[in-house]
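Reader: Hi! Could you walk me through this fold?
Author: Happy to, here it is.

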Amino acid sequence: MEYRRLGEAGPVVSRVAFGNSLTAGNQLDDARAVDCVRTAFDAGITTFDTADVYADGRAEEVLGTALAGIPRDQVVICTKVGRGAGGGSNGPGGLSRERITAGLEASLRRLGTDHVDLYQAHLYDDATPLEETMGAFADAVAAGKVRCVGVSEWAADELTEAARLARGLGVPLVANQPQYNMLWRVVETEVIPACEPLGIGQVVWSPLAGGVLSGKYLPGRELPPGSRAVAAKGGDVSLRRWRFLDDEVLERVQRLRPLAGAAGLTLPQLALAWVLQNPQVTSAVIGASAPDQIERNLRAVDAVLEPDLMARIDDVLGGSVVRDPDLTLSRMLRSRR
């Protein structure tokens, strides 16, 4: 495993983080979910990502159980707040002072810790003044309950203003968590260039495009039993929303298989290695439904993809790659209001 500092002032994180958005309390029973976390830690993963909305809080509880007994200074715990007061939809007031204060206390209780290392604002809340949101974050940092703060799926202009306010409040805003993978590159045009001079690192989610880039979903075939798109509640939502399950996309993904083989990698390893090649990506969040998936995929950390291979990947994926910055989730939701 390799480790890097997150942003200019964040904690040192593992290059691969472990997340449980659709597994703990959802796709997996608690014992298997705990086993996955422990396997990840034993493999050198020190950074664990969750959110209060995942499985209505159960994901945080399971992560807290899994990390119990591990010295607190050996792990970086990241969670999120903001997708509605009761979890679920991104309702108004998701990032109000009241919501952040109550949400943090509940998260700390479920996680079984007195502080989180990275507290992230889940989607922008245009119903709450950003000054109120950042002020609540600053108070949480001052109280020692939060070490650093970040955001998830914010547009470039939202990030820039949040960073300005954070500097004034003395709050370390160190991270952005966007979706980023071979197929979904909407943050490359505006978001990542905005973050770089601000000292904000990228902790990206869905590096395997929800499992599509693992090659397990085949064109013209039924979805495999037990896969995320079938076994996890809501697991197929983003896959269908972004058309990752269209036959044309799945056919192109299969054409990546010989490229991966020539590089001595599996398809999942190639996909994860591709994400980690971006120098602005500090860490990539992976999930797993079985412990052995974690150990296999971590070989990607040491892989170096030559420029010719990167170009051939682009040629194969062609028009299936999504790049439009207007599809940054926060901006897209804002345009619908």
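Author: What follows is a short chat about the barrel, some helices and one serine.

Author: This is a predicted model, where local features need pLDDT of at least 70, side-chain atom pairs count only at pLDDT 80 or more, and totals for chains, interfaces and linings use all residues. Residues are numbered from 1 along each chain as its sequence is written, and side-chain values use heavy atoms, with hydrogens and water left out.

Reader: Thanks! In what order do the strands close into a barrel?
Author: The order is S3-S4-S5-S6-S7-S8-S9-S10, 8 strands with parallel pairing. Strands (E, at least two residues) and helices (H or I, at least four) are DSSP runs numbered from the N terminus, and two strands pair if DSSP finds at least two bridges between them.

Reader: What does the twist average from one strand to the next?
Author: The average is 30 degrees.

Reader: How many bridges join S7 to S8?
Author: There are 4, between S7 (residues 146-152) and S8 (residues 173-177). Val149 has Leu173 of S8 as its bridge partner.

Reader: And what about S9, which partners does it have?
Author: S8 and S9 pair over 2 bridges, with Ala175 partnered by Gly201 in S9. On to S10 (residues 281-286), S9 is joined by 4 bridges, and Trp205 stands opposite Val285 there.

Reader: Why is S9 described as largely enclosed by the rest of the structure?
Author: Because 4 of the 5 residues of S9 (residues 201-205) are buried. Buried means under 20% relative accessible area, with exposed over 50% and partly exposed in between (1.4 Å probe, protein chains only).

Reader: Switching to helices: at what angle do H4 and H5 pack?
Author: H4 (residues 130-142) and H5 (residues 156-169) pack at about 50 degrees, with axes 10 Å apart. Axes are lines fitted to C-alpha atoms, for helices over the stretch in contact, and angles run from 0 to 180 degrees between N-to-C directions.

Reader: Who makes the contact between H4 and H5?
Author: On H4, Leu130, Glu131, Met134, Gly135 and Ala138; on H5, Glu158, Glu161, Ala162, Leu165, Ala166 and Leu169. Contact means heavy atoms within 4.5 Å.

Reader: Last one: is Ser330 buried or exposed?
Author: Ser330 counts as buried, at 4% relative accessibility. Ser330 sits in helix H14 (residues 329-336). Not counting residues up to four places away in sequence, Ser330 touches Tyr124, Glu153, Trp154, Ala155 and Glu158.
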